[in-house]
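Trainee: I would like to learn how to read a model of this kind, feature by feature. Where should we begin?

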Amino acid sequence: MIMRQTRRRAVSPRKTPVQPRAAQTVEAILTAATRILVRHGVKGFTTNTVAERAGVSIGSLYQYFPNKDAILSELMRRHLIDLERGINQITATALTAPLPVAIRALIDDNVAAHMIDPKLHGVLTEQVPQLGRFRWQEEFAARVSARVRGFLEARKAELAVTDLDLATYLLTRTVEACVHNGATERPGDMTSGRMSEELTAMIVKYLAGGPPPALANETARAVFSNH
C-alpha cells in the first residue's frame with residue numbers, strides 16, 4: 001500500500017519586491033487584504049477578492065503570494081515587526097527610568113500596537129496559528145526574550161526576583177496573553193489605560209516586592225488548613 005504524504009501549502013511570499021513599482025503592488029495587495037479582513041472576516045477573504053480590491057491582476061498577486069495563507073502570514077509578520085521595534089526602542093531608552101515607568105512604557109507600547117486595528121488583530125491571531133509555526137515567529141520570540149532579559153539584567157539591583165530567565169518568561173507571556181485577549185474582550189479597559197495600569201502594578205509587585213515564596217506558601221497552607 002502506498003501512503004500519500006500530505007503536501008503543506010506554501011505560506012511565505014514567493015519573492016521580495018525590489019523595484020518601487022513591485023513594492024507598491026505588494027503594499028496595495030496587503031492594504032486590500034487588511035480592509036477585506038476587517039470588513040468581512042475570513043469568509044470574504046480570497047485571492048480573487050484581494051486582487052480585485054487592490055486593482056491588480058490575479059497573476060500579479062500570485063507573483064508575490066502563492067495563496068491567501070501567505071498573505072495572512074505576511075500581515076502577522078509585519079505586526080510582530082512593529083511590536084519588536086517598540087520593545088527595542090523602549091528597553092534602550094528606559095534603563096534609567098524608575099522601574100514602574102519603564103514597565104508601564106513597555107505595556108503601553110504593546111497595547112498601542114494591538115489597538116491600531118483590534119478586529120484585524122483578532123482575525124490574524126485566530127487564523128495564523130492554524131497555518132503552523134514559522135521560523136520568523138520563533139526568531140521574533142527569541143529576540144524579544146533576549147531584549148527583555150537584558151533589560152532585567154541591567155535593573156537586577158532593584159529586583160526581588162533572582163531567576164531572570166523565569167522572570168522574563170512570566171513577564172513576556174503575561175503581557176502577551178492579557179494584551180492579546182484584552183484587545184477583543186476588554187477594549188474599553190485597553191483604551192482607558194486601566195489594563196496598562198493594573199498590569200504594571202502586578203508586574204512591578206512581582207519583580208520588585210512581595211513576600212518571599214516560602215513565606216507565601218506557609219501563609220497559604222495556614223489559611224487553607226483552617227477550612
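Mentor: Begin with how elements are named: helices (H or I, at least four residues) and strands (E, at least two) are DSSP runs, numbered from the N terminus. Two cautions go with every value here. This is a predicted model, in which local features need pLDDT of at least 70 and side-chain atom pairs count only at pLDDT 80 or more, while totals for chains, interfaces and linings use all residues. Residues are numbered from 1 along each chain as its sequence is written, and side-chain values use heavy atoms, with hydrogens and water left out.

Trainee: How many helices and strands are in the protein chain?

Mentor: The chain has 11 helices and zero strands. Read along the sequence, its pattern is α-α-α-α-α-α-α-α-α-α-α.

Trainee: Is Val-42 buried, exposed or partly exposed?

Mentor: The words have cut-offs: buried means under 20% relative accessible area, exposed over 50%, and partly exposed in between (1.4 Å probe, protein chains only). Val-42 has a relative accessible area of 32%, so Val-42 is partly exposed. For contrast, Ala-154 lies in helix 7 and counts as exposed because its relative accessibility is 51%. Ala-22, found in helix 1, counts as buried because its value is 14%. Over the chain, 40% of the 227 residues count as buried.

Trainee: How do I check the length of a helix?

Mentor: Compare its end-to-end distance with the expected span, which is 1.5 Å times one less than its number of residues. Helix 1 has 21 residues and should span 30 Å; its end C-alpha atoms are 30 Å apart, so the two agree. Helix 5 has 17 residues and reaches 24 Å from first C-alpha to last, close to the 24 Å expected. Helix 10 (residues 194-208) has 15 residues and reaches 21 Å, close to the expected 21 Å.

Trainee: What follows helix 1?

Mentor: Gly-41 does, with a positive phi near 75 degrees.

Trainee: Which residues of helix 10 are buried?

Mentor: The general idea is that an α-helix has 3.6 residues a turn, so residues three or four places apart point the same way. In helix 10 the buried residues are Met-195, Ser-196, Leu-199, Thr-200, Ile-203, Val-204 and Leu-207. Seen down the axis of helix 10, they fall within an arc of 140 degrees (taken from the directions from the helix axis to the C-beta atoms), so they line one face of the helix. The face turned away from that buried side carries the exposed residues Arg-194 and Lys-205.

Trainee: What covers the buried residues of helix 10?

Mentor: The cover includes helix 5 (99-115), helix 7 (135-154), helix 8 (164-185) and helix 9 (187-192). Helix 5 has buried residues of its own, among them Leu-99, Ile-103, Asn-110 and His-114.

Trainee: How should I read a nonpolar core?

Mentor: In soluble globular proteins, nonpolar side chains tend to be buried together. A nonpolar core here is a set of buried Ala, Val, Leu, Ile, Met, Phe, Trp, Tyr and Cys residues joined through side-chain atoms within 4.5 Å. The largest one has 58 residues, and those with the most contacts inside it are Val-50, Phe-65, Ile-71, Ile-103, Leu-152 and Leu-207. Its largest share, nine residues, comes from helix 4 (residues 68-93). This core draws at least three residues from each of domain 1 (20-64) and domain 2 (69-208); these bounds come from an automatic or database domain assignment.

Trainee: Which residues does Thr-168 contact, beyond its neighbours within four places in sequence?

Mentor: Contact means heavy atoms within 4.5 Å. Thr-168 sits in helix 8 and counts as buried because its relative accessibility is 4%. Leaving aside those neighbours, Thr-168 is in contact with Ser-145, Val-148, Arg-149 and Leu-152.
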